[in-house]
Amino acid sequence: MPGPSTPPPPQDDGKRIAFSWAALAAGIVAWFGSQQFGSNHAFAGCPSFSPLESLLLGLLALALIAGGAFLSLRIWRAGSVEEPRPFVALIGMLTSALLAVAIILQSAAGMIIPRCFA
């Protein structure tokens, strides 16, 4: 039984370039946003910060990573060895996977460590 198929990549060269970089850009933005907004909100709103907010912020960041990885996956699957775009897409997806682990651990820490700890 064949695996799930992804939609074909776009034919426009500008979109193909953007899609190949999508996973890397989305991963970096998601991790930066999760770390900055999560830590700033935890310290600035110490009495009112709840673990649920940390979880929701982490899930939002993971959704952004998944969206970027899906776009890059389309380029990687349709690419050839001679083009650099599939390689960039693969590097972006692997980097996004690493940043997703960081987001998961940061979200878990936000749920485990008690409020106003510092």
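The buried residues of H2 are Ser54, Gly58, Ala61, Ile65, Gly68, Ser72, Leu73, Arg74 and Ile75. They pack against H1 and H3. Before going further, please note that this is a predicted model.

Now the overall layout. There are three helices in the chain and zero strands, so the order along the sequence reads α-α-α. The chain has 118 residues, and 30% of them count as buried. Its accessible surface is about 7,400 Å², and carbon and sulfur atoms account for 75% of that. If you take the contacts between residues at least 6 apart in sequence, 81% of them join residues at least 24 apart.

Back to H2, for its length. The helix has 28 residues, and from the first C-alpha to the last it reaches 41 Å. At 1.5 Å a residue one expects 40 Å, and the value in the model is close to that.

Next, the spacing of the buried positions. An α-helix has 3.6 residues a turn, so residues three or four places apart point the same way. With that in mind, look again at the buried set in H2, which includes Ser54, Gly58, Ala61, Ile65 and Gly68.

Ala61 is in helix H2, and its relative accessible area is 5%, so it is buried, the cut-off being under 20%. What does Ala61 touch, leaving aside its neighbours within four places in sequence? The contacts are Ala30, Ser34 and Ile103. Of these, Ser34 belongs to helix H1, while Ile103 is one of the buried residues of H3. Ala61 can also be placed relative to Phe32: the two are 29 residues apart along the chain, and their C-alpha atoms are separated by 9.2 Å.

Ser54 has a relative accessible area of 11% and is buried. Setting aside neighbours within four places in sequence, Ser54 is in contact with Phe49, Gln106, Ser107, Gly110 and Met111. Among these, Ser107 is a buried residue of H3.

Now the H1 side. How are H1 and H2 arranged? They pack at an angle of about 170 degrees, and their axes are 6 Å apart. H1 is therefore roughly antiparallel to H2. The residues of this contact comprise 15 nonpolar, seven polar and three charged.

From H1 I picked two residues. Ser34 is in helix H1, and at a relative accessible area of 7% it is buried. Beyond its neighbours within four places in sequence, Ser34 is in contact with Ser39, Leu57, Ala61, Ile103 and Gln106.

Is Phe37 buried or exposed? Its relative accessibility is 59%, which puts Phe37 in the exposed class, over 50%. Phe37 and Leu57 are 20 residues apart along the chain, with C-alpha atoms separated by 8.3 Å.

The axes of H2 and H3 come within 9 Å, and they cross at roughly 170 degrees. That makes H2 roughly antiparallel to H3, since angles over 145 degrees count as such. The contact of H2 with H3 has 18 nonpolar residues, seven polar and one charged.

The loop between H2 and H3 contains Gly79. With a relative accessible area of 28%, Gly79 is partly exposed. Gly79 and Ala89 are 10 residues apart in sequence, and C-alpha to C-alpha they are 9.5 Å apart in space.

Last, H3 itself, residues 85–112. Its 28 residues should span 40 Å at 1.5 Å a residue, and the end C-alpha atoms are 40 Å apart, so the two agree. The buried residues of H3 are Arg85, Pro86, Ala89, Gly92, Met93, Ser96, Leu99, Ala100, Ile103 and Ser107. They pack against helix H1, residues 13–44, and helix H2, residues 51–78.

That is the tour of the chain.

Methods: Residues are numbered from 1 along each chain as its sequence is written. This is a predicted model: local features need pLDDT of at least 70, side-chain atom pairs count only at pLDDT 80 or more; totals for chains, interfaces and linings use all residues. Side-chain values use heavy atoms; hydrogens and water are left out. Helices (H or I, at least four residues) and strands (E, at least two) are DSSP runs, numbered from the N terminus. The expected span of a helix is 1.5 Å times one less than its number of residues. Buried means under 20% relative accessible area, exposed over 50%, partly exposed in between (1.4 Å probe, protein chains only). Contact means heavy atoms within 4.5 Å. Axes are lines fitted to C-alpha atoms, for helices over the stretch in contact, and angles run from 0 to 180 degrees between N-to-C directions. Angles under 35 degrees count as roughly parallel, over 145 as roughly antiparallel, 65 to 115 as roughly perpendicular and the rest as oblique. Ala, Val, Leu, Ile, Met, Phe, Trp, Tyr, Cys and Pro count as nonpolar, Asp, Glu, Lys and Arg as charged, and the others, Gly among them, as polar. Accessible areas come from the Shrake-Rupley method with a 1.4 Å probe; for residues, only the protein chains shown count as cover.
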